[in-house]
Structure formats: C-alpha cells, structure tokens
Amino acid sequence: MADVTTFSRRSILALPLPLALAACQRGPSVFSITGQTMGTSYSVVAVDHAHELNEPQIAAAIDAALQEVNQQMSNWDPMSEISRFNARNSTEPVAISEPLAHVIAAAEEVNRASEGRFDTTMGPLIELWGFGASGAPTMPQPADIARALERSGHSRSLALADGTLRKQLPEANVYLAAIGKGFGADHVGRALASLGIRDFMVEIGGDLYATGRNADGLPWQIGIETPSARQIGVHEVIGLTGMGLASSGDYRNFFERDGARYSHVIDPTTGRPITHQTGSATVIANNAMLADAWATAMLTLGRERGLEIAEAEGLAVMFIDRNGSGTDIPFSTVTSSHYDQLTA
C-alpha cells in the first residue's frame, strides 16, 4: 500500500525521538536498531523502562524473529518455504507451516473482501510490465496480458485446506511481499514482548506495528508521506498505539510513455496499471499484516470503490487523491468513518 522494491511501502515516516531522551540517565533506555530484510530495510525503536536489557539482547531477538519469517515467506531466498513451494510444478497438496498457512488464509480473506484487488499470484503480470526484479518497464501487448491473467488469480490458482497448500494451476507462484512484511513486523513485535518490552515500534519497508508509548510518553508519532514523486514531505501525523499501519503509494515506481503514466500498482482484474487519481492509501488495522494487505487492496481499488468497501468492512482508511494540474491544492484527503474514530 508503496518504493524500495516493486512492493515496498516507503510512504510512512516514523518521526524521530529527541536524542537527549536516549542519553538521559533518569529516563528509560531507548534502543534504535536498523537493518535489511525481505528485500528492504527495517527499523525498531524499543523503550526499556526497567533498564534490564542491552542492545545485543534486543538485536538478537529481532534477528531470530526475522530469520524465522524469511525462512518461511521470503521470495528472495530460494530455500525458503514459499520459494520451494513455488518451484514445484505440481497440483499435489503440500503441508505448510502454521505461520505460512495463517498468512495465506489472511490473503484469501482480503482477496475475497476486496473483490480480487489483493492478489498474491500476480508474478506473471508484474514481470510482464517490467516491474519485477529481472526486468525493465515495458509496454506489453494485449494478448500477452491476457495470457498472464490466465496464469494469475488467487482464488483460481491456490487452495488452502487442513494445513496444506495446493496449486490449482501448476505454474502458479505466490509472492508475499505485500503481506509478508507486515507479518514480519508483527512477529518482531511478539519477540520484543517476550523480552518484557511493552513500548516499541517496528517498521519493515514502511509497514509497521506500534504499541505502548514512545520515550516522551506519547503514542508513537507516525508521519504519512505526501504522494509526490518530486519531493518528500509529511501530509499528516497520527498517534499510534496497539495497532498496525501501512501505506501503499503509486508515486515511487512508475514509467511514462507517450505522455501517459504507468504505475507499478497493477489491477489483478484487468492486468493493467491503475489509472485513477488516488496516489496513496493508508490503513490502520489490528496488526501490521492486515494493514499491509489492505493498503495494497485499497490503493488498487481507488478512493471511490475503496471507501465503499472500507465502510462495509469497518476498515480505517485514508485516501490521498491528486487534484490534477491547475488547482491551488494539489492533494485532497478522504477518510473512512472508522479512521476518523481511531484518529480523533
């Protein structure tokens, strides 16, 4: 929902804490740890009020949690569980781990509720348009799009049942970047909680989970980026605690051809880049996994239909639309009623 890679979400800015707080001996210990994972970057801020932990302990817990998620869901690791599943050219069911089954089940639910706009099997379309890791942006022929659509489609490609995952199309491939990073943020959060940390913010590729308070005693202050390719700016700042948040935007990864703009955000129902005026969609949910998936779905749907589904599903969503050239205000914001309630 948004970009470091095709699926990245670098449209959320975790606003920094004053450095003096980390150095104040009378205050809590504040640990800030960053690194690389899942083809993007991560950052963790943890507040230790009891002064019982050190940075190596926290870093080790983060690394262990991320390693688990990568071993199950990384499309960058050829030996991961999902990569080995993708490599099989068979329609026989495969027993999968409980975490992977949990993520696939969530993907199925968002796919259904979003009228197919969230889809983990879009690899053929992403590669066809040149937005994958191995290509350059290109204009495919309609016949090629039609063939790629035949090899995509979550509901027609995959079947999850009784702890097994089965390909209904032997050539199907599952890409979890638009939901796996959110699950990763949640999993790191669980690792921090197991250490006794109750105040932390975990962000992976722009998808985040935050709980408790920052070192100032406030909800975590999260900046939502303005969806502009020309400059980086904060459109809105919200306080977040006990929730996941993700934004998806179309303004970092796109190409232009003959005066038309083609975003990397591809509608799974048409096989073509979105053309509406919604530049970004931000979702607040009970966890980062669902925020991650729904941000992608909401951006693909666009503000008009997305808002209707958000109200029907009780989702907290903010849409930022482009107003077009010649207007004094370049962007307009529309929010769902649940978003207004959470951020009031």
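## A tour of the predicted model

Start by selecting His51, which sits in the loop between strand E3 (40-48) and helix H2 (55-73). This is a predicted model, so treat each stop as a feature of that prediction. His51 has a phi near 55°, a positive value in a residue other than glycine.

**The whole chain**

Now zoom out and show the protein chain as a cartoon. There are 11 helices and 18 strands to find. Along the principal axes, the C-alpha trace spans about 65 × 55 × 35 Å. How does the radius of gyration agree with that of a compact globule? For 344 residues such a globule would have a value near 20 Å, and the protein chain has 20 Å, which agrees.

Buried residues make up 53% of the 344 residues. For charge, select the 24 positive and 38 negative side chains; the centres of the two sets lie 4 Å apart.

**A three-stranded sheet**

Next, select strands E4, E6 and E5. These 3 strands form an open sheet in the order E4-E6-E5, with antiparallel pairing. Strand E4 (94-95) and strand E5 (158-161) are the edge strands, and each pairs on one side only. Strands of a sheet pair through backbone hydrogen bonds, so display the backbone here.

Keep E5 and strand E6 (residues 164-167) in view: the two pair in the antiparallel sense over 4 bridges. Ala159 can be found opposite Arg166 in E6. Then move to Asp162, in the loop between E5 and E6. Is Asp162 buried or exposed? With 81% relative accessibility, Asp162 counts as exposed. Its phi is positive, at about 55°, although Asp162 is not a glycine.

**The aromatic pair**

Select Phe200 and Tyr209 and show their side chains. The structure holds 1 aromatic pair, and Phe200 and Tyr209 form it: the pair is tilted, with 6.3 Å from centre to centre and 40° between the planes.

How accessible is Gly205? At 0% relative accessibility, Gly205 counts as buried. To set a distance in the viewer, draw a line from the C-alpha atom of Gly205 to that of Pro137: the two are separated by 22 Å, and the residues are 68 apart along the chain.

**A hairpin to finish**

Finally, select strand E12 (residues 254-257) and strand E13 (residues 260-263), which pair in the antiparallel sense over 4 bridges. Which residue in E13 is the bridge partner of Phe255? The partner is Tyr262. E12 and E13 form a hairpin with 2 residues between them. Click on Asp258 in the turn, where phi is positive at about 55°.

Notes:
Residues numbered from 1 in each chain as written. Predicted model: local features only at pLDDT ≥ 70, side-chain atom pairs only at ≥ 80, totals over all residues. Heavy atoms only, no water. Rg over C-alpha atoms; globule rule 2.2 N^0.38 Å. Buried < 20%, exposed > 50% of the residue type's maximum accessible area, 1.4 Å probe, protein only. Lys, Arg positive; Asp, Glu negative; His and termini not counted. Charge placed at Lys NZ, Arg CZ, Asp CG, Glu CD. Pairing = 2+ DSSP bridges. Phe/Tyr/Trp six-rings, centres within 6.5 Å; stacked < 30°, edge-to-face > 60°.
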